[in-house]
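Hi there,

Here is the structure I promised to pass along.

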Amino acid sequence: FSLAGKDGTLDLGDRLPRPLAIKSLAVRGHAPSLASLHIEQAVADLGGPIVEMTGDLTQANGKTDVKANVGVRDLPVSELRHLWPIGSAEGGRRWILENVSAGMIEEVKVAITTSLASGSEPAPSNLAGGMRFSGVRVRFFEPLPPVERVTGTANIATNRIDFRFTGGSLGALRVESGGMAVTGLQAKDQDGAIETRIVGPLRDVMALLDRKPLGYAQWMGVDPAAVAGEAAVDLKVALPLIAALKLDDVDIRATGNLTGALIPKIAMGEDLSDGRLRIAVDKHQLQLGGEAILAGVTTRLEGVETFSGPPGGLRRRFEIKGTLDQAARARLNVDLDPYLRGPVRVDAVYGETFAGGGQVALDVDLSPGTLALNEFGWSKPPGRPGRARLLLRLAAKRLARLDDLIIEAAGLRIA
């Protein structure tokens, strides 16, 4: 048999939001028996999008078995809501229709196997296929702005869809790669897992992560506009695809590398610059490590910033290693000339509480420097062993008092 028609509609009742307008339709096939039908080719022009199908229908024992290969070409994303059946993976359908817009689905190919008993809804027992798309706008998670001009592919299976992104933009940031898995398509609600790599200016990454209700930069006391450098960040978000989504339902994590980083007043009111750092952040804390210039000194540092806690709890902790010369000590208001001259190696642990107090514990290798107590006729030349341990108390991120001091060098001990 061969059928053809034009300018009609397909009405599936409440399965589709509205009857589907069909500009033209051509079907070719044959019926091997009264209980079977073979579709050699069916082509429907929807006024732009083209739907093609081949398949077989077989009736036996009160049910109809369907095997079909369906393809769709040139489908604007805005038209997807008119083709995705209502009630089919409803959580995934709702999330995608609310958060995916603009762009073009260039091609979809799906193989479907299902059975339909009399008076029941079709339930796919097997679904497999793929998709290509371009120029799509995707809002992954409500605080984040949408990613524009997303290109990529998707693998479609019975219980999940796996999207892979090959490009996109987020303001000044580039989305270089990543993907999203929508799982549980046969369940009442679906889950989403997003992984994407974002590259671009650090200030834009900080501004992105500072959007409410995240507020990461605000917790750090950092103005994103004052930050400089470049960032490459891997962002991971896991969330249920439900209508009443709350931040507590979302697991969000970011890890990455920073180059040329400038972060003002990060510790003791001092700027961090020329940072080559690794970073990890989630809803609870931020971890930072690597090499940078802090207060004009080249240092290695490891730090943790905790976003909430009791007043006496530790909000910020940094372990810092570097060499302080006289100029650096003068900038930090710890110039000890004429008692100490030359460079010394310092291991410092800086801690700050949520109440605003803090301390710095210093372990100082005095070996490279010169020590002198001229009043007592004592000195230590460079190269002779020496060590000092100090505990400094801070107020408003500035030195308030010296609580403990031990110096051991060349037969001298001060405690």
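Let me begin with a question: does histidine 82 count as buried or exposed? Please keep in mind that this is a predicted model. The relative accessibility of histidine 82 comes to 14%, and buried means under 20%, so histidine 82 counts as buried.

Once neighbours within four places in sequence are set aside, histidine 82 is in contact with Leu16, Pro17, Arg18 and Leu20.

Now for the whole chain. The protein chain has 4 helices and 26 strands. Its radius of gyration is 32 Å, well over the 22 Å that the globule rule gives for 415 residues, so the chain is more spread out than a compact globule. Along the principal axes, the C-alpha atoms fill a box of roughly 115 × 35 × 30 Å.

Buried residues make up 40% of the 415 residues. Among contacts with a separation of 6 or more, 47% are between residues 24 or more positions apart.

The charged side chains number 49 positive and 49 negative, with the centres of the two sets 3 Å apart.

Best wishes

Key:
Residues numbered from 1 in each chain as written. Predicted model: local features only at pLDDT ≥ 70, side-chain atom pairs only at ≥ 80, totals over all residues. Heavy atoms only, no water. Helix = DSSP H or I, 4+ residues; strand = E, 2+ residues; numbered from the N terminus. Rg over C-alpha atoms; globule rule 2.2 N^0.38 Å. Buried < 20%, exposed > 50% of the residue type's maximum accessible area, 1.4 Å probe, protein only. Contact = heavy atoms within 4.5 Å. Lys, Arg positive; Asp, Glu negative; His and termini not counted. Charge placed at Lys NZ, Arg CZ, Asp CG, Glu CD.
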